[in-house]
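This briefing concerns a predicted model. It takes up the contact between two chains, then the make-up of one chain, and then selected local features.

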Amino acid sequence: MRIPLLPALSARTVRVRVSVGLVAAVAGAVLLVPLLFPLDEQAVDMANKLHPPSWAHLFGTDDLGRDVLLRSVYGLRVSLLVGVVAALTATVIGTAVGAAAGASGGRVDRLVMRVVDVFSSVPHLLLGIFIVAMFRPGVWPVVISVGLTHWLSTARIVRAEVLSLRSRPYIDAAISGGASRWRVGVRHLLPGVLPQAGLAAVLMVPHAIWHESALSFLGLGLPTHRASLGNMIQDARGTLLAGDWWPTLFPGLFIIVPTLAIAGLAGVWRERINPRRRSELML
Amino acid sequence: MGERTVPGPAAALELRGVTAGYDRRAPVLRDVSLAVGAGEAVGLLGPSGCGKSTLARVSALLHRPYAGTVLLGGEEARGWRHRAPRAQRTAVGVVFQQPRLAADPRLTLAALLAEPLRATGRTDGIPARTAELAEEVGLGPELLGRRPHEVSDGQLQRACLARALVLRPRVLVCDEMTAMLDASTTAALVAVVERYRAGSGAALLAVGHDRVLLDRWCDRTVHYADLVSGAVTPGRRAPADTPAG
């Protein structure tokens with residue numbers, strides 16, 4: 001006789017729970033570790049350099065004897081800050097531009113979307129490097145660089161959604177009821193595009209984290225002493241060739257695991273706002 | 001156009017030589033003229049896809065025609081959609097064919113009903129006016145807190161009709177209002193419209209393809225084919241014995 005130890009769960013429920021658990025663990029780590037363990041993540045200990053993972057240093061130490069676990073947590077803190085702020089910046093810009101273009105229509109729409117095309121035709125990492133190079137290294141130039149180069153896709157998504165909403169009879173009904181342009185935009189169009197814009201924002205967080213890492217890896221992001229995931233992987237490049245895998249692997253996992261968790265949540269969200277599902281619920 | 005005669009005061013709604021559509025080279029409406037007198041109910045019959053809905057949207061100033069003019073109470077329409085003055089836009093109430101598409105899915109029925117009042121800044125006494133209209137169209141208080149996907153088509157169309165009446169329009173345009181509804185809901189909605197018209201003296205343009213319904217509902221029925229090139233002469237309170245077509 002089989003005794004079920006766990007209630008049967010659908011694959012989707014499992015995915016949601018695992019993703020939520022991972023995101024919660026990551027959020028807890030970046031918020032609590034610096035409070036609970038007031039250790040200096042930049043403390044150099046040359047006597048203990050390049051120790052493999054052990055009980056004293058769970059993730060080992062890097063080529064300057066710094067604890068990889070502690071530095072990874074601090075690095076993730078920076079990466080998440082950059083990721084979330086840059087994604088929000090890009091989403092606000094993209095939603096504003098896309099909504100304005102879609103709601104105005106005609107010549108304004110064509111002009112704005114051609115400008116978007118021009119920006120899109122330049123590789124955005126290159127554009128990001130150009131922006132970063134104008135400032136002194138630090139967190140905020142990276143945020144600005146990623147935020148200013150990633151609103152294009154959101155603008156396209158929001159514009160397409162606004163165009164489709166604009167021709168619905170309920171917009172006609174609102175106009176007939178005396179609603180101003182502003183009211184139609186704020187009351188009917190904006191709430192209609194928020195699920196799509198929100199999904200774009202969530203998907204952009206991991207993307208922005210990767211960008212921060214890429215810029216730091218290229219030596220253009222954060223100052224080199226600052227623990228960031230990109231900096232750590234960049235520093236560990238040399239030791240990887242000597243067979244010391246842990247200074248590269250663990251920061252790498254710190255990028256990949258939150259990315260997968262956030263992408264998992266975004267996937268569930270996307271299923272929920274899928275137009276077909278939505279219309280099935282409505283009819 | 002040409003030999004039009006409008007006895008008495010100006011028609012509540014008049015279309016003169018309207019050409020409209022979605023492609024300049026192939027307009028849906030060509031040189032259409034129609035007048036609905038004050039207090040008159042006119043039924044407009046026509047086959048599917050002939051342009052009845054476009055005509056209804058032009059009448060409500062929601063679609064800009066390529067040529068021709070629309071007059072409301074003798075006053076020429078001075079713009080279309082948002083460019084129309086608010087007083088002209090709200091003078092025409094519209095009920096659309098599909099309540100699902102005509103209701104913002106995020107608003108509760110109470111919010112849907114009160115939306116025109118909020119949009120025009122008449123926020124005093126919204127709860128009272130909402131409750132009064134809901135009762136008038138037969139929506140129970142328990143339905144008012146629900147969203148469109150939680151009510152039936154008939155209930156939603158009742159709310160859409162209430163929304164069209166909330167600003168007390170002088171002209172009501174019903175575009176296939178009852179096409180998706182059963183007989184009893186149809187009768188109830190028509191009764192609401194007629195009570196409103198009796199109380200307010202508003203004019204009605206009812207667009208549809210159900211000849212029996214429109215003949216019984218309206219003072220006169222015109223066929224879409226007769227509208228072209230001013231073939232129809234408007235009358236005030238014409239007897240219902242002239243079913244066109």
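In this predicted model, 28 residues of chain B are in contact with 23 residues of chain A. About 2200 Å² is buried between chain B and chain A, with carbon and sulfur atoms giving 55% of that area. On the side of chain B, the residues that lose the most area to chain A are B:His82, B:Arg106 and B:Glu115, which together make up 25% of what that side buries.

**Polar and charged pairs across the interface**

- Between chain B and chain A the count is 4 salt bridges.
- A salt bridge joins A:Arg183 to B:Glu115, and the closest N and O atoms of this pair are 2.9 Å apart.
- B:Glu115 is also one of the residues of chain B that lose the most area to chain A.
- Across the interface of chain B and chain A, 12 residue pairs are in polar contact, with both residues at pLDDT 80 or more.

**Elements of chain B that touch chain A**

- Four elements of chain B each supply at least two residues of the side that touches chain A: helix 2 (86-89), strand 6 (92-95), helix 3 (99-102) and helix 4 (109-119).
- Helix 4 of chain B gives the most to this side, with 5 residues.
- By class, the side of chain B that touches chain A holds 13 nonpolar, 11 charged and 4 polar residues.

**Overall make-up of chain B**

- Chain B has 9 helices and 9 strands.
- Of the 245 residues in chain B, 56% are buried.
- Among contacts in chain B with a separation of 6 or more, 67% are between residues 24 or more positions apart.

**Helix 7 of chain A**

- Helix 7 of chain A, residues 169-176, is mostly covered, with 7 of its 8 residues buried.
- The buried residues of this helix are A:Tyr170, A:Ile171, A:Asp172, A:Ala173, A:Ala174, A:Ile175 and A:Ser176.

**Positive phi at non-glycine residues of chain B**

- B:Asp31 is not a glycine, yet its phi is positive, at about 50°.
- B:Asp31 is found in strand 2 of chain B, residues 29-36.
- The relative accessible area of B:Asp31 is 29%, so this residue is classed as partly exposed.
- B:Glu176, likewise a residue other than glycine, has a positive phi near 50°.
- B:Glu176 is placed in the loop between strand 7 (171-175) and helix 8 (183-200) of chain B.
- B:Glu176 counts as buried because its relative accessibility is 10%, which is under the 20% limit.

- B:Arg122 is found in the loop of chain B between helix 4 and helix 5 (126-137).
- At 42% relative accessibility, B:Arg122 counts as partly exposed, because the value falls between the limits of 20% and 50%.
- Neighbours within four places in sequence aside, B:Arg122 is in contact with B:Leu117 and B:Leu167.
- B:Arg122 and B:Gln88 are 34 residues apart along the chain, and their C-alpha atoms are separated by 16 Å.

Technical notes. Residues are numbered from 1 along each chain as its sequence is written. Chains are lettered from A and ligands numbered from 1 in the order in which they are written. This is a predicted model: local features need pLDDT of at least 70, side-chain atom pairs count only at pLDDT 80 or more; totals for chains, interfaces and linings use all residues. Side-chain values use heavy atoms; hydrogens and water are left out. Contact means heavy atoms within 4.5 Å. Buried area is the accessible area (1.4 Å probe) that two parts lose on being put together, summed over both. A salt bridge is a side-chain nitrogen of Lys or Arg within 4 Å of a carboxyl oxygen of Asp or Glu. A polar contact is a pair of N or O atoms within 3.5 Å; within protein, one must be able to donate a hydrogen and the other to accept it, and residues adjacent in sequence count only if both atoms are side-chain atoms. Ala, Val, Leu, Ile, Met, Phe, Trp, Tyr, Cys and Pro count as nonpolar, Asp, Glu, Lys and Arg as charged, and the others, Gly among them, as polar. Buried means under 20% relative accessible area, exposed over 50%, partly exposed in between (1.4 Å probe, protein chains only).
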